[in-house]
Amino acid sequence: METDTKTIIKEEEVGTKEEITYKINDKPPLKIAIPLAVQHLLAAFSGIVAVPLVVGGVLGLPFDQMTFLVNAALFMAGLTTFIQAYGIGPVGAKLPCVMGTDFTFVGPSIAVGSTLGLPGIFGATVGASFVEMILSRFTKKLLKYFPPVVTGTVVTLIGLTILPVAVDWAAGGYGAADYGSLRNIFLALAVMAIIIVLNQWGKGFTRSAAILIGIICGYLISIPFGLLDISKLTSASWLDFPTPIRYGIKFSIPAIIAFIPAYLVTTVETVGDLIAVADASNHKITSDELSKGLLCDGVGSFLAGIFNAGPNTSFSQNVGIIPITGVASRFVVMITGIILMLAGIFPKLGALVAIMPNPVLGGAGIIMFGMIASSGIKILKNVEFTRRNMLVIAISLGLGLAVVVRPNILQYFPSAVKTVLESGITTGTLTALLLNILLPKNL
């Protein structure tokens with residue numbers, strides 16, 4: 001059989017095949033697909049709504065604007081997710097990759113918003129999105145610099161660098177008054193235990209929906225603990241449509257320049273996420289698929305700016321769901337996109353997910369994010385552990401984790417450089433790329 005010259009990760013580099021119940025192009029019955037799609041929604045929801053809440057809170061926006069921005073973020077995350085999984089012409093990798101607004105854009109959004117308001121943020125989102133669209137045209141040339149020693153390190157970092165987020169959730173949420181209380185830890189461990197039991201000994205749907213069932217059980221367990229607050233659900237409105245350019249749009253060269261580093265960061269992260277998704281799905285990813293996936297980032301961000309939302313990019317946390325459930329169907333993720341759009345139109349649906357206690361999400365998150373790191377290790381096991389390759393892995397992991405566990409190490413760096421390096425995924429990826437280019441192959 002003729003080898004596909006566009007294949008970026010050869011089949012032997014993918015690692016030991018995990019059991020995949022539903023492959024990328026499979027279509028599970030709706031009664032199975034919808035609950036599986038909800039699992040992806042639950043994993044991504046907090047990250048999607050957190051960005052507009054943080055930015056809006058710092059800018060002091062009124063409640064009605066905050067609510068609208070959250071709805072817009074959900075709607076556009078759903079639309080971009082659908083395009084990424086479905087594929088429309090050259091846009092979308094046709095992979096089960098969930099999209100949403102990334103924390104990388106919080107800093108630039110606050111900086112621009114403090115002087116130019118929401119119109120400036122949306123103008124910078126639209127204007128700088130062309131950077132990623134242009135970069136997507138050069139993926140084939142760029143990806144020769146992503147051999148298994150680099151991709152394995154990047155995928156491992158994706159899992160390791162976001163694990164602290166799940167730990168904070170499990171403890172009750174960063175800054176919570178009861179952070180680390182035994183009640184929170186017990187709830188998180190209970191959810192973890194349920195997911196582990198169902199994943200190891202469950203059959204069929206029970207195994208595939210282990211995360212969803214674990215989270216539902218977490219909801220129920222949290223009731224007697226007094227952790228389930230339904231006030232947000234009752235106060236949420238029933239219907240609200242995202243209106244294009246509702247608050248206006250203003251293009252400013254300095255604002256656009258401020259957003260460019262963040263777009264460069266998410267470009268690197270998206271490459272890693274798409275490779276991780278493909279690996280978890282036992283799929284040989286091609287340069288064309290990566291190019292279309294990056295283009296979806298750019299186009300989705302362009303549309304997001306028009307519809308009053310922040311830039312959209314791939315969500316690392318959802319990668320871990322695939323190896324746990326054995327479900328790699330992009331059809332399932334397309335349904336996730338539809339549900340996210342509905343959540344943006346019907347705020348009460350979004351509020352139902354928003355009331356999830358942090359420890360419940362943390363219990364599931366620790367497993368999901370840990371599985372991403374495991375996928376990276378699976379890629380690395382096919383790497384020849386020469387002194388050179390061990391240096392690439394060691395230094396990249398060390399620096400990538402350093403900026404996460406000790407962020408103050410960057411406090412004296414210029415703000416533009418800090419914006420790029422404060423993401424452990426980006427720092428580690430850039431380090432791996434540079435070392436792989438600079439170190440002699442025979443070291």
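Is Met341 buried or exposed? Met341 is buried, with a relative accessible area of 15%; here buried means under 20% relative accessible area, exposed over 50% and partly exposed in between, with a 1.4 Å probe and protein chains only.

Before the tour continues, please note that this is a predicted model, in which local features need pLDDT of at least 70 and side-chain atom pairs count only at pLDDT 80 or more, whereas totals for chains, interfaces and linings use all residues. Residues are numbered from 1 along each chain as its sequence is written, and side-chain values use heavy atoms, with hydrogens and water left out.

**First stop: helix H13**

Keep Met341 selected and display helix H13, residues 330-345, in which Met341 is found. Helices (H or I, at least four residues) and strands (E, at least two) are DSSP runs, numbered from the N terminus. Then select Thr80: its C-alpha lies 9.7 Å from that of Met341, although the two are 261 residues apart in sequence.

Within H13, move to Thr336. Thr336 is buried, with a relative accessible area of 0%. Its contacts, leaving aside neighbours within four places in sequence, are Ala37, His40 and Leu41.

**Second stop: helices H8 and H15**

Select residues 210-222 for H8 and 358-380 for H15; these helices pack at an angle of about 155°, with their axes 8 Å apart. Axes are lines fitted to C-alpha atoms, for helices over the stretch in contact, and angles run from 0 to 180 degrees between N-to-C directions.

To view the contact, show Ile211, Ile215, Gly218 and Tyr219 of H8 with Val360, Ala364 and Met368 of H15. These residues divide into six nonpolar, one polar and no charged. Ala, Val, Leu, Ile, Met, Phe, Trp, Tyr, Cys and Pro count as nonpolar, Asp, Glu, Lys and Arg as charged, and the others, Gly among them, as polar.

Most residues other than glycine have a negative phi. Select Lys94, in the loop between helix H2 (63-86) and strand E1 (99-101). Lys94 has a positive phi of about 60° and is partly exposed, at 41% relative accessible area.

Finally, select Asn282, in the loop between helix H10 (253-280) and helix H11 (287-306). Asn282 has a positive phi of about 55° and counts as partly exposed, at 21% relative accessibility.

Notes: Contact means heavy atoms within 4.5 Å.
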